[in-house]
Amino acid sequence: MRALVVDHSEAGPVRFADVDEPVPSTGEALVEIRHICLNFGELNYVHQWPAGAVHGHDAAGVVVRAASDGSGPPEGTRVAVGMASHAWAERVAVSPASLGTVPEGVDLADAAALGIAGVTAFRVLRKRSLLARDVLITGASGGVGHFAVQLAALAGARVTALVGSPERAAGLRELGADRVLTDLAETGDRFDLVLDTVGGPLVAQARSSLAEGGTIHLVGYSSGQETTFPSGALFGFGEPRSIATYGDITPTGGELTDLLGLMAAGRLSAPVGLRGDWQDVGDAVQALFARKVHGKVVLDVA
């Protein structure tokens, strides 16, 4: 079968290759993949995976063989695959714990966009009550950011979206952002929660904007820059302000099911900024790296 595998050469980060068909264990379903979703991290840091390995974590398709132990969805079920391994292939063996059943009315391509981005936003934002809280989402025009803006607004937060340029602000108010900024210095507000996908100097700036008892959750570092805190910046009176890391790679099936339910109810939309054929994966990767995509990249598997 055809798959996208890790390529460490200058032609990379991925290339097409013919690979062996997956052989599911008794506790795995065989899924025929219809759409894959690209993530910046798995492509930008491709050196962390062995060359030649089938790459990718997020996809959507149809179960063509249910797990032989009786667990998971039956044959014919439409499913979203989230944070699984080796997902960018024509077929993949997946534990039911990493699958979410796609309800009627939800496009499989939209379901493919959930995965890492949707689950990350969901897991961070559910850690505390957001009702009438002030929440800052950095990198709000990206995949995690688009989901986070919507979910924070659904939870009753006052949402401030921070983007890199005015062009990247499009559509964020419609998704639930109360304000859209291109520079954190534009506001003197204090935030109860910051979900940061950018890293670098912005972390120190956002730390100084935390309210008492507030938390910054670091879920990405797309800037690739280092963070330096000025002398004394981490000292303060009142309820402690904290910085939390994120690296939850536990099975995603439960969260995918919740998110798909919100999509089916019309309360959550998929931020698909680029849709194409997986044959054009090279162009899609270039667009993603050039920051030309607002939201997620979803490619149809021929």
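Arginine 133 has a relative accessibility of 33% in this predicted model, which means that it counts as partly exposed. Its salt-bridge partner is aspartate 192, with the closest N and O atoms 3.8 Å apart, and this aspartate counts as buried at 12% relative accessibility. The two residues link distant parts of the chain, since arginine 133 sits in the loop between helix 3 and strand 8, while aspartate 192 belongs to strand 11 (residues 191-196), 59 residues apart.

**Other salt bridges**

- The count of salt bridges comes to 10, and one of them joins arginine 91 to glutamate 21, with the closest N and O atoms 2.6 Å apart.
- Because arginine 91 lies in strand 6 (residues 91-94) and glutamate 21 in the loop between strand 2 and strand 3, this pair ties together parts of the chain that are 70 residues apart in sequence.
- Arginine 91 is partly exposed, with a relative accessible area of 22%, and glutamate 21 is likewise partly exposed, at 40% relative accessibility.
- Arginine 126 and glutamate 255 meet through their side chains in a salt bridge of 3.0 Å, taken from N to O.
- Arginine 126 is found in the loop between helix 3 and strand 8 (134-138) and glutamate 255 in helix 7, so the pair ties together parts that are 129 residues apart in sequence.
- Glutamate 255 is buried, with a relative accessible area of 7%.

**Helix 7**

- Helix 7 (residues 253-264) has 12 residues and reaches 16 Å from its first C-alpha to its last, which is close to the 16 Å expected at 1.5 Å a residue.
- Its buried residues are Gly253, Glu255, Leu256, Leu259, Leu260, Leu262 and Met263, and the elements that cover them include strand 5 (78-81), strand 7 (99-101), helix 2 (108-112), helix 3 (115-125) and helix 4 (143-154).
- Just after helix 7, glycine 266 takes a positive phi of about 75°.

- In helix 8 (281-289), the residues Val281, Ala284, Val285, Ala287 and Leu288 are buried.
- Seen down the axis of helix 8, these buried residues fall within an arc of 165°, and therefore they line one face of the helix.
- An α-helix has 3.6 residues a turn, so residues three or four places apart point the same way.
- The face of helix 8 turned away from the buried side carries the exposed residues Asp283 and Gln286.
- The buried residues of helix 8 pack against several elements, among them strand 1 (2-6), strand 3 (29-38), helix 1 (40-44) and strand 14 (272-277).
- Beyond its neighbours within four places in sequence, valine 293 is in contact with Arg168, Gly273, Leu274, Ala287 and Leu288.
- Valine 293 and leucine 274 are 19 residues apart in sequence, and their C-alpha atoms are 6.4 Å apart in space.

- Six strands form an open sheet in the order 10-9-8-11-12-13, with parallel pairing.
- Strand 10 (179-181) and strand 13 (242-245) are the edge strands, each of which pairs on one side only.
- Neighbouring strands of this sheet are turned by 20° against each other on average, when direction is ignored.
- Strand 9 (residues 158-162) and strand 10 run parallel and are joined by three bridges, and the bridge partner of threonine 160 in strand 10 is arginine 179.

How values were computed
Residues are numbered from 1 along each chain as its sequence is written. This is a predicted model: local features need pLDDT of at least 70, side-chain atom pairs count only at pLDDT 80 or more; totals for chains, interfaces and linings use all residues. Side-chain values use heavy atoms; hydrogens and water are left out. Helices (H or I, at least four residues) and strands (E, at least two) are DSSP runs, numbered from the N terminus. Contact means heavy atoms within 4.5 Å. Two strands pair if DSSP finds at least two bridges between them. Axes are lines fitted to C-alpha atoms, for helices over the stretch in contact, and angles run from 0 to 180 degrees between N-to-C directions. Buried means under 20% relative accessible area, exposed over 50%, partly exposed in between (1.4 Å probe, protein chains only). The arc is that of the directions from the helix axis to the C-beta atoms. The expected span of a helix is 1.5 Å times one less than its number of residues. A salt bridge is a side-chain nitrogen of Lys or Arg within 4 Å of a carboxyl oxygen of Asp or Glu.
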